[in-house]
Amino acid sequence: MAKSLRHSKKDIPKIARALCDEMLRDLEHAKRPTLQAIKCSLDNAIYDPKIGYLAPGKKKVTTELNVSSVQKLARTVFLLDIMLNNVELGTVNSTREFYYMAKGLVKSDNHLKPIDFDDQNESDAIIYYICDMLEVYREELNCFATDRGGQTYSQNLVVTETLPDGKKAVIDLSKLGTTPFQPKNQPQVFSLKPKKGKIDFCLVIESVSTANTFVHNGFTKRNNCILLGAQGVPSNGVRGWCKTIQDQLDCPIFFYGDLDAYTLQNIFRTLKAGSAASLIRNSDFSAPDVKFLGVLPEDIKKYDLHCYDVKEKDAAEARSLKKARDVLSNDPFFKDKKNKALADILRWLVKEKKRCEQQAIFSVNPKDPTMPEKIILDKIKNKSYV
Amino acid sequence: MGKIKASSTAEYFAKNLQQVGFSSPIKAVLTTLKEAVDNSLDACEDAGIAPEIKVKIKKIGRGSSKSTDLVDIVIEDNGPGLDADDLPKVFGEYLASSKFGKGQCSRGQQGIGISAATTWAQLTNAKGVKVVSKTKKMRKAVSAQVDVDIKANKGKIKNKETIDWDREHGLKVEFKIDGRIQLNGDGGLLTYLEGTALVNPHLTLEYELLDNEKVKIERVSEEVPKVPPSTLPHPHTMKLGEFITHAHLYNTSTLETFLKKGFSRVTDHSIKEFIKSGMPKNALTKKVQTIPDADFKNIFQAIQETELTNPSTRSVLVVGEEGLARSIQRLGDIDFFSVVTRKPTICDFKPVVVEVAIARFLDRSSKEDEPVQLIRFANRVPLQFDKGGCAITRAVESVNWRAYGLNQPRKSLPLGPYIFAVSVTSPFIKFKNASKETIDASDELVEELRLALMRAGQKLSRHIKRENKAADLERKIQHIEKFGPILVEGLAKIAHASDARKRKAEEGLERLLGRDTKSALEDLETAEEKLAVLKAKQKEKLGDMAKDEDGDYLEDELIKTTKKKVAAIAKKAASKKMASKKEAAKPDNKKVATKKTATKKATTKKVATKKAARKK
């Protein structure tokens, strides 16, 4: 993650106490207390091509206390108390740890039994609600998710990390052998520099295993580049890391993944412009300069890639296509003319009902293990990206 | 090629008893009981006697075959009794029946069942049936053993004697057979006896099974149903071949006379309609014997294309909604029931009446996630085996019970602690097999059954809606009790609030959530009123409306409990309010209050003075 977010400009304990005090006062007067949070959904997302990411609109979600919401509010206040303790003490916990901590407290006190969480999804939803309500990042509440994705390889990148105690750790990625460097899913302060000269490009690959195969076949040895695996929908860690690369290194960033609606709207759009669910943190968790290298529809013919039909009988595929149609008419990112070329790819997918996996390039010439690399470089050279 | 020889009917059935319900030791006991009870009921109804039947079944030793018991089955009725000469015919001769081919809604039809039971007793225990019979004319009862002469298909009477019997008339039969006793479940004896009681409100049934206590189910109707006489056939119930055969019974009459006298629901008006549909007008005056077979086809087609009134309701026997409603209540403590009797209609050219009773018993331990208990009836006889392919099962499964508030897996029976009793009555029920366990599932019959089931479902849904509202209220009350204190405690902890603030917030919360439960209670009351109207209608029919002293309908336990809880919450909130008022009324607090009021008054006065100065 790019920036240190631990030292928030907001005085979270003070805001939280004021909020609870107001709710308590409302209750004393038998008035229904309300909680307001930014509405984190597509219909409250604004896309400004100049800033390049999805920003929140003015809509708010108001939760008023009634019989139906009393459970949610009780859970919110219960978890807020635990999280505030962490903020005040400066200790951190992961979302999973918060789930187990809450469970432990509930189990040991019969009085709290009604707010028990059945699974982590329930406690996660409350944590995100608290973030939206206080308009803070989850990380600002000292709550982190498990590290996922972002495994990075390069022969020409040196990362300097400033640790919380002020000490600096210098990591030369070329010295790590076959081990990748992986950004954490929590605030880290990085300074990036090439070992020498300038880095030619950064390639983000949807699948970590495909990224590993590229490295194994010598891609990073032969090219002055950064190669990283996103591992599906990018985590906050991966999104922040890409933004750091974009901000600190003057090199183009390319994304390579499947040619299907899910990759375009869920993976690539999140990496480039953030997501509707994280409207309040997209400014720090998106890399608007990243380009979609492929697989592009024209690549299928040009490189003779194997593709196959999307079966609408398959419930998951049908849902994905329906979502693609909805996105074209509702998503401000795809509706903006700046991203017309990306929207055209979605339209092509909806019309042709075809998909092509990122791994299709391995089958172009199975006897030549460098063929995928050749295709990628050819595409970059010929500016065959969107 | 061997010599071709004819076998007797008894010989055939003795070798194929599995075809008539004796395919296993369990079924043997049930079928024997069923045949004897059905005969008793038919005999009583024929004689206009309100039936009183006693059943006693017990194990008396080991059976002769492997894994069987020797079971003693005794059935006694107060029917008209049988003459001594009729005993061998009834119990020992196959196809000896007074009802064969008559087209009536009687339980027995062919005269096979009870002779098959005698054969089974004879095959497994080497003794036929022991019968005691007394008619009104007899001074003493006749006691005898009847065996089947299998080679000759004749009944053989043995050990005949006259005995004293302390009753005016009646019949008692005793079978000692190899079998196994199953009380509960689809094929259980209890299911049969309760089912029989359900569709026979005029029956008093007393039974003693194994070592269990004697149970007596009293009749709820004094009216003995009269099995309708076989009426003239309806033209739409026939096929061409049957039509021609029927016509030749009226050979010397004209076609018009034949149509009017040989069928029900054919009038002068219908004959005009037949002509409009293509029947040659000149044929009407011709004698039936002069009409060539080829012309019959045109006449038959014209009749089939003409719409006719449904067949006479007298040709089918109906238990009736009132009878079913009364009857179902004597089977246990009922929480809710709905009964539907459809009008007679034609399905597959036959008059049919469908009746449905749905009930939920409070004293049965069936669960929410188990399928409902489906009891099927054909001509008032419970069908207990081969449920799968039956028209009734298919109809129940095809109805969307979720729309009426019941859970239902796809294309299956709905779930819940309900009993679904579905009865099909018709003089011509088409069974799938000789043991009469499964009604053939024709599209028309299934649709007719569906209509009846859906109507019953609509009535049921009113009850379930009321329950959902009550559950909603209960949930809301629980929410107040569960989450309220946790919320207030959490808020007070984060806001570092005092205990007094915490208490005040708790009171405020109770007042707020009390308002929510009040609206839920109003919803419940609306649903409750609708249900009360339905229940009142049902109870009015029964004539024993359950009212309290003020004449209001009695509330059920669930409503009472939830209302009590709401009242308790309101009372708690009110007492806390009083307590805080009392606290404020204490001298020290009063001083503070007075001081506050004085300050307020002073401020108001100051503002008023300032305003007046500005005006000046």
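**A tour of chains B and A**

Select residues 52-62 and 69-77 of chain B: these are strands β1 and β2, which pair antiparallel over eight bridges. The model is a predicted one. Within this pair, display the side chains of Lys54(B) and Glu76(B); Lys54(B) stands opposite Glu76(B), which belongs to β2(B).

Now widen the selection to the rest of the sheet. Eight strands of chain B form an open sheet with mixed pairing, and its order is β5-β4-β3-β6-β2-β1-β7-β8. Which strands stand at the edges? They are β5 (154-163) and β8 (215-217) of chain B; each has a single partner strand, so one side of each lacks a neighbour in the sheet. Look along the sheet to see the twist, which averages 15° from one strand to the next.

Next, select residues 189-198 of chain B, helix α5. This helix lies across β1, β7 (204-209) and β8 of chain B, and runs at about 170° to β7(B). Is α5(B) mostly covered or mostly open? It is mostly covered, with nine of its ten residues buried. Colour the buried ones: Leu189(B), Thr191(B), Tyr192(B), Leu193(B), Glu194(B), Gly195(B), Thr196(B), Ala197(B) and Leu198(B).

Zoom out to the whole of chain B. The chain holds 15 helices and 14 strands, and 41% of its 616 residues are buried. Of the contacts in chain B between residues at least 6 apart in sequence, 73% join residues at least 24 apart.

Then bring chain A into view. Here 25 residues of chain B are in contact with 26 residues of chain A. On the chain B side, select α12 (443-494) and α13 (499-542), each of which supplies at least two of the residues that touch chain A. The largest share, 13 residues, comes from α12(B). By class, the chain B side divides into 13 nonpolar, five polar and seven charged residues.

Finish in chain A with residues 315-330 and 340-352, helices α10 and α12 of that chain. These two helices pack at an angle of about 145°, with their axes 10 Å apart, and α10(A) passes α12(A) in a left-handed crossing. Show Leu321(A), Ala324(A), Arg325(A), Val327(A) and Leu328(A) in α10(A); they meet Ala343(A), Leu346(A), Arg347(A), Leu349(A) and Val350(A) in α12(A). This contact has eight nonpolar residues, two charged and no polar ones.

Notes: Residues are numbered from 1 along each chain as its sequence is written. Chains are lettered from A and ligands numbered from 1 in the order in which they are written. This is a predicted model: local features need pLDDT of at least 70, side-chain atom pairs count only at pLDDT 80 or more; totals for chains, interfaces and linings use all residues. Two residues are in contact if their C-beta atoms, placed from the backbone, lie within 7 Å. Helices (H or I, at least four residues) and strands (E, at least two) are DSSP runs, numbered from the N terminus. Ala, Val, Leu, Ile, Met, Phe, Trp, Tyr, Cys and Pro count as nonpolar, Asp, Glu, Lys and Arg as charged, and the others, Gly among them, as polar. Two strands pair if DSSP finds at least two bridges between them. Axes are lines fitted to C-alpha atoms, for helices over the stretch in contact, and angles run from 0 to 180 degrees between N-to-C directions. A residue is buried if 20 or more other C-beta atoms lie within 10 Å of its own, exposed if 12 or fewer, and partly exposed in between; C-beta atoms are placed from the backbone. A crossing is left-handed if the near helix is turned anticlockwise from the far one by less than a right angle, and right-handed if clockwise.
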